[in-house]
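Me: Hi! Could you walk me through this structure?

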Amino acid sequence: MSEGPLAGIDLDAVAATPGAWLELSVAADHEAVEAVSEILARAAPGGTSVEPAFELVDEGLAARVDLARPAVVRAHLPIIDLPAVRAAWARAERELGHLQAFGLRPIGDLAARVVHEADWANAWKAHFPVLRVGRRIVIRPTWRRHKRRPDDIVLALDPGMAFGTGLHPTTRLCLAALEALADRGLLAAGGRNGAPARVLDVGSGSGILSIAAARLGAREVLAVDVDPIAVDATTANARRNRLARVVRAREGSAPSGEGPFDVVLANLIASLLVSLADDLVADLRPGGVLLASGIFENREADVVEAFHARGLEVAGRWAEGDWVALELQRPV
Ligand code: SAH
């Protein structure tokens with residue numbers, strides 16, 4: 001492997017400074033983001049971040065994701081073991097080349113710069129603006145201020161480990177669908193005898209959907225996740241939004257054993273939705289609604305079939321890029 005500068009950076013000189021990291025970045029069309037993230041994650045196992053392109057709204061006070069423009073995928077690796085850094089770079093370049101050969105949308109060139117830990121602890125926060133989703137939902141990173149409008153449903157979130165950066169399209173679709181349920185009164189008065197709904201969030205991650213459901217009027221939200229880090233993140237985020245009494249998080253999955261629920265949220269992947277279909281339906285009361293998300297378009301038919309077979313009907317559909325979310329209604 002060649003010595004000498006890497007992307008114009010004199011690694012030997014940089015390696016002498018403690019706390020220096022190499023930031024790899026690639027601009028990628030949103031359809032290529034996942035594949036590019038996987039490649040960078042192999043080069044820098046500490047994980048990747050995705051910064052979608054934003055358009056500023058509200059006179060620059062907030063931002064909305066702009067899917068028409070490429071996102072930037074980033075990963076960081078410590079500049080300690082220079083041969084390892086060079087190998088990771090070469091591998092990422094090679095794999096990105098293969099990806100381009102697949103004919104996915106064009107992706108940018110692999111770029112690198114040096115960042116220092118000392119500047120870095122807070123610098124990443126600049127990548128998270130206040131985000132508007134749908135009509136009323138506002139995601140506010142905890143360190144940012146937001147001047148709310150009267151109708152705004154503001155969710156304060158600390159991205160943390162279970163959130164990643166930005167919002168995944170499948171999460172945005174779920175939030176849009178939740179807002180639509182709320183508009184039809186299904187959260188504030190969609191429970192038994194017109195009481196506020198009881199909601200189950202299967203695979204709660206950061207808790208974003210649980211918190212949104214609570215803010216939109218649900219009376220009680222049970223958040224379950226198989227990952228204890230997600231359970232902790234959901235608990236912390238619920239507390240941060242003063243919803244600790246409404247949102248309860250614990251390790252688990254469907255069936256929760258605490259049903260039936262008026263609304264079940266499941267932002268999982270298609271294969272999990274299919275394999276968990278019986279359990280998700282078991283948690284849903286007759287007449288209740290399941291929001292199923294994380295469905296890649298070419299798997300939509302399988303998901304619909306699995307729930308049709310259990311008597312549910314498609315009552316709504318949201319799509320963004322290749323992703324689909326479905327509202328499935330259990331007959332009364
Ligand atoms: N609801 C969040 C997170 C979705 S990511 C959002 O919409 O942004 C999917 C989550 O499901 C992850 O946190 C993962 O740990 C969890 N998960 C994966 N398999 C699961 C299963 N079988 N049961 C419950 N949760 C699961």
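**Ligand shell and rings**

Reply: Happy to! The residues of the shell around the ligand divide into 6 nonpolar, 7 polar and 2 charged (Ala, Val, Leu, Ile, Met, Phe, Trp, Tyr, Cys and Pro count as nonpolar, Asp, Glu, Lys and Arg as charged, and the others, Gly among them, as polar). This is a predicted model, where local features need pLDDT of at least 70 and side-chain atom pairs count only at pLDDT 80 or more, while totals for chains, interfaces and linings use all residues. Residues are numbered from 1 along each chain as its sequence is written, and side-chain values use heavy atoms, with hydrogens and water left out.

Me: Which side chain has an N or O atom 2.7 Å from an oxygen atom of the ligand?

Reply: That's T171. The side chain of N267 also has an N or O atom 2.8 Å from a ligand oxygen.

Me: New topic: how many aromatic pairs does a search of the whole structure find?

Reply: The search finds 1 (ring centres of Phe, Tyr or Trp, using its six-membered ring, within 6.5 Å; planes under 30 degrees apart are stacked, over 60 edge-to-face, the rest tilted). The ring centres of F296 and W323 are 5.0 Å apart with planes at 85°, so the pair is edge-to-face.

Me: And is W323 buried or exposed?

Reply: W323 is buried, at 14% relative accessibility, whereas F296 is partly exposed at 34%. Buried means under 20% relative accessible area, exposed over 50%, and partly exposed in between, with a 1.4 Å probe and protein chains only.

Technical notes: A polar contact is a pair of N or O atoms within 3.5 Å; within protein, one must be able to donate a hydrogen and the other to accept it, and residues adjacent in sequence count only if both atoms are side-chain atoms.
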